[in-house]
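I opened this notebook to record what I looked up in one model.

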Amino acid sequence: MAATALMNVMMAAARKAGRGLTRDFGEVEQLQVSVKGPANFVSAADHKAEETIYKELSKARSGYGFLMEERGIVEGADKSHRWIVDPLDGTTNFLHGIPMFCISIGLERDGQLVAGLVYNPISDEMFTAEKGKGAFLNDRRRLRVAARRDIGEAVVATGIPHRGRPNHPVFLREITSAMAEVAGIRRTGSAALDLAWTAAGRFDAYWERNLKPWDIAAGAVLVREAGGVISDLDGTDGFLESGNIIAGNKSIHRALATVVSGVPAAPQRERLTIGRASPKGGTDAG
């Protein structure tokens, strides 16, 4: 499928930033042997990638606002559009030389998410979606969520709260419940990739708590456009505000929501919105 003008803009920005991250990732792998370690270097790589995306998107769509991991809220003259950007989702993976990280770019129009892109520059996998136009991998293969209906056959992804993050007891209760019901549990270290892989049918479902809008925005569009269902863990559609999320096909989504939270998923409305207030919730999933 030929990419639209909007998606071409998003892909160009992601690829340019991705080239820089790929070069920096090679340096990080070498820095692993140093005593100081690559932490400062990775922080610089994160900021450079965000600056590249900011400049490219601003040049192509002048006046659009931004919600970015590093910059925060940047008001634009065009109040109808806002980019939601994570320049490096999976920072801990990047820091340790693990090639599972990505760039995440979502677009909000009049309070509704209408486009999403998740790009892993190491594998050169570009997941894209626009509202009403479907979801695709590398602009060629159409994405569909997995078709399994039995949660006992499902492989699901999640994020594990690490040191200094809240909800360790809650997570332990949830994963204990899930382990008793599903075929397998995976943790990639990138929320955006987890959502992209759910859209692609690699994972049957995904859940996590305390995420930020930039972790979720692009992947949410991908899942919906791949025929999936996405909601808050309480079964409502306020996941962008709460940072708590569960995604999958209709059957597995409902079953997993009941397993991990005890709350059956509510019927989903066609709404993907985010408020204009400062984002709440946790931090980078990596």
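My entries on the model follow.

**Ground rules**

I am working from a predicted model, in which local features need pLDDT of at least 70 and side-chain atom pairs count only at pLDDT 80 or more, while totals for chains, interfaces and linings use all residues. Residues are numbered from 1 along each chain as its sequence is written, and side-chain values use heavy atoms, with hydrogens and water left out.

I took helices (H or I, at least four residues) and strands (E, at least two) as DSSP runs, numbered from the N terminus. I called two strands paired if DSSP finds at least two bridges between them.

**Entry 1**

For angles I used axes that are lines fitted to C-alpha atoms, for helices over the stretch in contact, with values from 0 to 180 degrees between N-to-C directions.

Strand 9 (residues 155-158) runs parallel to strand 10, with three bridges between them, and Ala157 is opposite Arg186 of strand 10.

I read the order here as 2-1-3-4-5-6-7-8, an open sheet of eight strands with mixed pairing. Strand 2 (72-74) and strand 8 (141-142) are the edge strands, each pairing on one side only. Strand 5 (residues 112-120) and strand 6 (residues 125-130) are antiparallel over six bridges, with Leu117 opposite Thr128 of strand 6.

Helix 5 packs on this sheet too: it touches strand 3 (78-89), strand 4 (102-109), strand 5 and strand 6, at about 100° to strand 5. Helix 6 lies across strand 1 (64-68), strand 3, strand 4, strand 5, strand 6 and strand 7 (134-137), also at about 100° to strand 5.

**Entry 1: burial in helix 5**

How many residues of helix 5 are buried? I found nine of its nine residues buried, where buried means under 20% relative accessible area, exposed over 50% and partly exposed in between (1.4 Å probe, protein chains only). Among them are Asp194, Trp197 and Thr198. Gly201 follows helix 5 and has a positive phi, near 85°.

I checked the length of helix 4 (residues 168-179): its twelve residues reach 16 Å from first C-alpha to last, close to the 16 Å expected at 1.5 Å a residue. The expected span is 1.5 Å times one less than the number of residues.

Phe171, Glu174, Ile175 and Ala178 are buried in helix 4. They cover an arc of only 95° around the axis, which puts them on the same side of helix 4; the arc is that of the directions from the helix axis to the C-beta atoms. The buried residues of helix 4 pack against strand 9, strand 10, strand 11 and helix 8 (250-261). The face turned away from the buried side carries the exposed residues Pro169, Leu172, Arg173 and Thr176.

**Entry 2: salt bridges**

I counted a salt bridge where a side-chain nitrogen of Lys or Arg is within 4 Å of a carboxyl oxygen of Asp or Glu. The count comes to twelve.

Glu56 and Lys16 form one, with the closest N and O atoms 3.0 Å apart. Glu56 is in helix 2 (residues 39-60) and Lys16 in helix 1 (residues 5-31), 40 residues apart. Glu56 is buried at 16% relative accessible area, whereas Lys16 is partly exposed at 39%.

Glu108 and Arg82 meet at 3.0 Å, N to O. Glu108 lies in strand 4 and Arg82 in strand 3, so the pair ties together parts 26 residues apart in sequence. Glu108 is buried at 0% and Arg82 is buried at 2%.

Arg202 and Glu125 meet at 2.7 Å, N to O. Arg202 lies in the loop between helix 5 and strand 11 and Glu125 in strand 6, so this pair ties together parts 77 residues apart in sequence. Arg202 is partly exposed at 33%, and Glu125 counts as buried at 17%.

I also noted one network, in which salt bridges that share partners join Glu50, Glu51, Lys55 and Arg71.

Note on methods: Contact means heavy atoms within 4.5 Å.
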